[in-house]
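Me: I have a structure open and would like to check the labels attached to it. For each one, set the value against the cut-off and conclude.

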Amino acid sequence: MFHQTLDPVGGSLGLSALCGAIPLIALFVLLGGFRMRAWLAGVIALVLSLLIAIIAFNMPAGQALLSGTEGAAYGFFPIMWIVVNAIWVYNLTVATGHFAVLQRSFESVSADQRIQAIIIAFCFGALLEALAGFGTPVAITVVMLMALGFKPLKAATVALVANTAPVAFGAMAVPITTLATVANGATNDPRLSIHTIGSMVGRQTPILAIFVPLILVFIVDGKRGLKQTWLPAIVAGVAFGIGQFVSSNYISVTLADIVASLFSALVLVGFLRLTHAPRNRGVETAEATPAEPATERPGTAPGTAAPTKRDSRRDVTLAYAPYLVIIVLFVITNITAVQDKLALEPWTKSFNWPGLHVYNAAGDAVSTTLFKFNWLPAAGTILLISGLVTMAILRISPATAVRTYLRTYVELRSAIITVMAVLGLAYVMNLSGQTGSLGAWLAGAGSAFAILSPILGWLGVAVTGSDTSSNALFGALQVQTAKQAGIDQVLMAAGNSSGGVLGKMISPQNLAIAAAAVGMAGQEGTIFRRVFLWSVVMVVFMCVIVGLQSTGILSWMIP
């Protein structure tokens with residue numbers, strides 16, 4: 001049994017907070033300064049957090065180790081369980097050639113690169129973020145943009161900037177699920193549920209989404225792009241924002257990005273067909289750099305894609321089928337009656353983590369020690385079932401499916417270790433009281449902390465490359481600080497996730513993914529310089545939104 005204390009180091013809250021921050025500082029320095037591999041940096045930071053928990057925070061070694069094992073287990077299930085199965089479904093479509101059909105389907109909508117940037121990087125990228133996350137949208141959309149004639153540096157920049165608004169709800173709302181788990185465990189506040197936090201995030205990121213397509217067309221074609229395609233960009237952004245808001249508040253937090261991405265794409269395509277908005281216009285600007293020569297693909301007009309194969313309606317339908325299957329299955333499992341049934345045994349089992357007994361500084365049992373093993377209704381299992389249905393639809397042999405599944409695990413082995421290590425770190429920090437000490441110290445900022453909340457999430461994602469990991473690291477800290485500073489805890493929890501999405505484009509992991517995909521490995525710094533200013537501008541914008549929501553001006557937006 002372990003009782004947390006806020007000032008275990010010499011009775012000083014400041015010194016205790018400083019000791020509690022050491023694992024985070026080490027993680028930041030190892031990743032950002034030494035450019036160490038994420039999985040190794042995560043493991044080292046986890047070991048440091050265990051040592052500090054035992055030595056400085058007086059946590060019994062057994063309790064500290066059990067905290068780390070629970071966090072690691074949570075990192076694999078449900079988090080990486082979702083990612084593995086989502087990418088497996090994608091890999092099945094690649095192996096059968098259906099993903100290429102999907103790519104050509106996007107090409108047929110418009111030959112204008114400005115429109116293609118919105119449809120592929122923003123709309124389709126958001127769908128990929130909803131299904132997999134963890135760098136998948138950047139890796140896939142940047143290759144698609146290159147295939148359509150985008151220059152390497154521009155393709156990477158567009159893909160990274162587009163991967164913002166959907167990130168908070170990415171990978172079947174895993175960031176929100178993680179945030180709700182650690183936040184509720186830190187304060188035992190029933191308001192800190194997946195639905196309430198998701199609703200609050202759904203009242204922040206949709207505002208950002210309105211402007212992202214405008215930024216994309218500016219990146220592709222500068223002022224001319226804004227002048228000629230501002231209306232389609234606004235239409236796509238507003239549609240996405242509406243879809244994300246409505247779904248997260250009234251339909252399903254899990255489906256927020258799926259609904260938003262599909263609604264945005266459908267509205268944009270409909271708008272283009274009704275208005276015959278810009279097609280086949282040159283969009284290249286004179287901003288060529290040594291890394292981005294001003295040359296076009298031979299035999300094509302400026303800003304247009306090369307002629308592509310015509311696919312039959314049946315082929316196109318089959319290409320979209322896996323994603324439609326996923327949507328249908330998630331809609332079914334989100335029906336209240338079905339949810340209630342699947343929440344019962346034997347489909348869902350909840351149990352206290354064996355041997356782990358922790359009480360917070362107020363003497364209340366910490367709820368984080370309760371592990372929920374919802375093996376059937378878990379998003380990852382639904383995706384696994386979707387993959388099995390996809391096998392039947394696309395007529396994929398069991399041998400091919402199994403080989404692809406094993407290859408997916410091999411591809412993701414580093415990511416699996418990273419996420420498990422970071423979640424282990426988060427659980428050790430939260431259960432040992434390290435996060436609580438940091439929160440108590442930061443509460444000294446008072447109401448000004450509302451403005452700092454998104455920046456904390458931004459820094460977390462910039463370093464870890466994951467909104468999920470950032471929420472795991474800072475979720476408890478945000479709500480504990482909010483409670484002591486007299487700020488709404490739901491708002492601060494959401495601020496961490498909404499601000500965090502804007503750090504993803506400058507995270508070393510995402511930069512490395514983009515650079516490798518466009519053949520610029522080793523030139524991550526060049527891409528970083530292209531996206532850094534956009535990241536800073538947008539996080540300042542989010543700070544203003546959250547700051548206003550903490551005052552009487554926009555406090556009516558808090559659920």
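Me: What makes helix α5 roughly antiparallel to helix α6?
Reply: This is a predicted model. In it, the axes of α5 (residues 113–131) and α6 (residues 136–147) cross at roughly 155 degrees and come within 9 Å. Angles over 145 degrees count as roughly antiparallel, so α5 and α6 get that label. The crossing of α5 past α6 is right-handed.

Me: Why are α9 and α10 called roughly antiparallel?
Reply: Helix α9 (residues 194–201) packs on helix α10 (residues 205–251) at an angle of about 150 degrees, and their axes are 9 Å apart. The cut-off is again over 145 degrees, therefore the pair is roughly antiparallel. Here α9 passes α10 in a left-handed crossing.

Me: How do you know that Asp488 and Arg191 form a salt bridge?
Reply: Their closest N and O atoms are 3.2 Å apart, and the criterion is a side-chain nitrogen of Lys or Arg within 4 Å of a carboxyl oxygen of Asp or Glu.

Me: What makes the contact between Arg407 and Glu411 a salt bridge?
Reply: The N to O distance between their side chains is 3.8 Å, and the limit is within 4 Å. Both residues sit in helix α15 (residues 398–411), four residues apart, about one turn of the helix. Arg407, at 38% relative accessibility, counts as partly exposed, as does Glu411 at 48%.

Me: Why is Glu345 called exposed, and what is Lys349 called?
Reply: Glu345 has a relative accessible area of 58%. Exposed means over 50%, so Glu345 is exposed. Its salt-bridge partner Lys349 has 38% and is therefore partly exposed.

Technical notes
Residues are numbered from 1 along each chain as its sequence is written. This is a predicted model: local features need pLDDT of at least 70, side-chain atom pairs count only at pLDDT 80 or more; totals for chains, interfaces and linings use all residues. Side-chain values use heavy atoms; hydrogens and water are left out. Axes are lines fitted to C-alpha atoms, for helices over the stretch in contact, and angles run from 0 to 180 degrees between N-to-C directions. Helices (H or I, at least four residues) and strands (E, at least two) are DSSP runs, numbered from the N terminus. Angles under 35 degrees count as roughly parallel, over 145 as roughly antiparallel, 65 to 115 as roughly perpendicular and the rest as oblique. A crossing is left-handed if the near helix is turned anticlockwise from the far one by less than a right angle, and right-handed if clockwise. Buried means under 20% relative accessible area, exposed over 50%, partly exposed in between (1.4 Å probe, protein chains only).
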